[in-house]
Amino acid sequence: MSEDEAVLVIVDGANVVGSVPDGWWRDRRGAAVRLRDSLVPYAAAGLPGLPGPVEIALVVEGAARGVESVPGVRVASAPGSGDDLIAELAAAAEPDRECVVVTADRGLRQRVEACGARCVGPRTVRPSPDAHGPFRP
């Protein structure tokens with residue numbers, strides 16, 4: 001399956017990082033890098049209920065801007081609102097290509113669902129705060 005055929009998974013970096021109270025606020029950029037690195041295995045393996053490969057776009061904003069892309073995870077730095085960039089990416093997805101947005105933000109969910117995207121919550125890619133050890137897809 002080519003990247004153009006793979007499901008597009010757009011990750012709301014700020015929302016997903018903020019879903020686990022692990023001290024991320026002390027180093028927002030470092031938290032975004034850790035999230036990016038934790039997403040890499042999903043590119044090949046897929047998400048729960050969504051077999052891989054998938055194309056992953058991690059949207060970052062604010063202090064996390066400038067985090068580099070790595071193989072498997074394209075990082076998009078929002079010049080302003082991360083939600084606006086996520087909505088733009090979802091709207092720009094090819095009509096016959098499935099688009100999944102990872103966020104718990106209700107307003108953003110409404111915006112991207114209006115574009116035809118499906119939404120899943122942060123726990124899809126992050127462990128709950130009481131989980132022990134690294135999460136593996």
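1. To start, a salt bridge here is a side-chain nitrogen of Lys or Arg within 4 Å of a carboxyl oxygen of Asp or Glu. With that in hand, look for E55, R74 and R97, which are linked in a network of salt bridges. A search of the whole structure finds 5 salt bridges, and the points below walk through some of them.

2. A word on the source: this is a predicted model, in which local features need pLDDT of at least 70 and side-chain atom pairs count only at pLDDT 80 or more, while totals for chains, interfaces and linings use all residues. Residues are numbered from 1 along each chain as its sequence is written, and side-chain values use heavy atoms, with hydrogens and water left out.

3. The side chains of R74 and E55 meet in a salt bridge at 3.2 Å, N to O. R74 lies in strand 5 (residues 73-77) and E55 in strand 4 (residues 54-60), so this pair ties together parts that are 19 residues apart in sequence. Strands (E, at least two residues) and helices (H or I, at least four) are DSSP runs, numbered from the N terminus.

4. The other link to follow joins R97 and E55, whose side chains meet in a salt bridge at 2.3 Å, N to O. R97 sits in the loop between helix 3 (82-92) and strand 6 (99-102), while E55 belongs to strand 4, so the pair ties together parts that are 42 residues apart in sequence.

5. R74, with 35%, is partly exposed.

6. Next, please look at R36 and D37, whose side chains form a salt bridge at 2.8 Å, N to O. R36 counts as buried at 10% relative accessibility, whereas D37 counts as partly exposed at 39%.

7. Finally, the aromatic rings. Rings of Phe, Tyr and Trp (its six-membered ring) pair if their centres lie within 6.5 Å; planes under 30 degrees apart count as stacked, over 60 as edge-to-face and the rest as tilted. By this rule the count comes to 1 aromatic pair. W24 and W25 form that pair, which is edge-to-face, with 5.6 Å centre to centre and 80° between the planes. W24 counts as buried at 19% relative accessibility, while W25 is partly exposed at 43%.

Notes. Buried < 20%, exposed > 50% of the residue type's maximum accessible area, 1.4 Å probe, protein only.
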